[in-house]
Amino acid sequence: MNIRLAKVEDLMGMQACNLQNLPENYVMKFWMYHAMTWPQVSFVAEDHKGRIVGYVLAKIDEPPEEDGAAEIHGHVNSISVLRSYRRLGLAKKLMLLSQEAMASIYKASYVSLHVRKSNKAAIALYQDTLGFEVAKVEKKYYGDGEDALSMRLSLKDS
């Protein structure tokens, strides 16, 4: 198993992984925008044949200049690992690499993400393994009306 920075050539494989696992899907323009704008914070896991079996797609949110109090922070848009490659620690490794890049390259003070309230496995990864905390519940966040947990992790000690 190899984990590395995502490249533009990986986007089709990342999108295929997303389509296979998640109900929230994105048009290719969205994937391309992230890859071109924040190339250092998205990563892929590939099998021995070079097939994308997992990814994390992330971005950096920079506050407007007039908002001097707001902090630069990272945001994980999407993370997915194919079912047959789960429980190998890939999601944790992908998240840690992205978080490290957010903190070291962009000096992000925290990272945020949204997760379905019903996704107990993901919530356990974020809270128990990675140390995220629930910042708030966003009612009917998802297209099907499910609530999202908005979660945050401080990167200040990274």
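Which residue follows H4 with a positive phi? That residue is Gly 131, and its phi is near 90°. The model is a predicted one, in which local features need pLDDT of at least 70, side-chain atom pairs count only at pLDDT 80 or more, and totals for chains, interfaces and linings use all residues. Residues are numbered from 1 along each chain as its sequence is written, and side-chain values use heavy atoms, with hydrogens and water left out.

- Helices are DSSP runs of H or I with at least four residues, strands are runs of E with at least two, and both are numbered from the N terminus.
- Helix H4 spans residues 120-129, and its buried residues (under 20% relative accessible area, 1.4 Å probe, protein chains only) are Ala 122, Ile 123, Leu 125 and Tyr 126.
- These residues cover an arc of only 160° around the axis, which puts them on the same side of H4; the arc is taken from the directions from the helix axis to the C-beta atoms.
- On the face turned away from that buried side sit the exposed residues Lys 120, Ala 121 and Asp 128, where exposed means over 50% and partly exposed covers the values in between.
- The cover over the buried residues of H4 includes strand E4 (73-81), helix H3 (90-106), strand E5 (110-116) and strand E7 (148-154).

**The largest nonpolar core**

- A nonpolar core here is a set of buried Ala, Val, Leu, Ile, Met, Phe, Trp, Tyr and Cys residues joined through side-chain atoms within 4.5 Å.
- The largest one has 44 residues, and Met 14, Met 95, Met 102, Tyr 126 and Phe 132 touch the most other members.
- Leaving aside residues up to four places away in sequence, Phe 132 touches residues including Met 95, Val 111, Leu 113, Tyr 126 and Met 151, with contact meaning heavy atoms within 4.5 Å.

**Salt bridges**

- The count comes to nine salt bridges, each a side-chain nitrogen of Lys or Arg within 4 Å of a carboxyl oxygen of Asp or Glu.
- Asp 144 pairs with Arg 116, their closest N and O atoms being 3.0 Å apart.
- Because Asp 144 lies in the loop between strand E6 (133-138) and E7 and Arg 116 in strand E5, the pair ties together parts that are 28 residues apart in sequence.
- Asp 144 is exposed at 56% relative accessible area, whereas Arg 116 is buried at 13%.
- Asp 47 and Arg 51 meet at 3.5 Å, N to O; Asp 47 is buried at 8% and Arg 51 is partly exposed at 43%.
- Arg 4, Asp 10 and Glu 46 are linked in a network of salt bridges.
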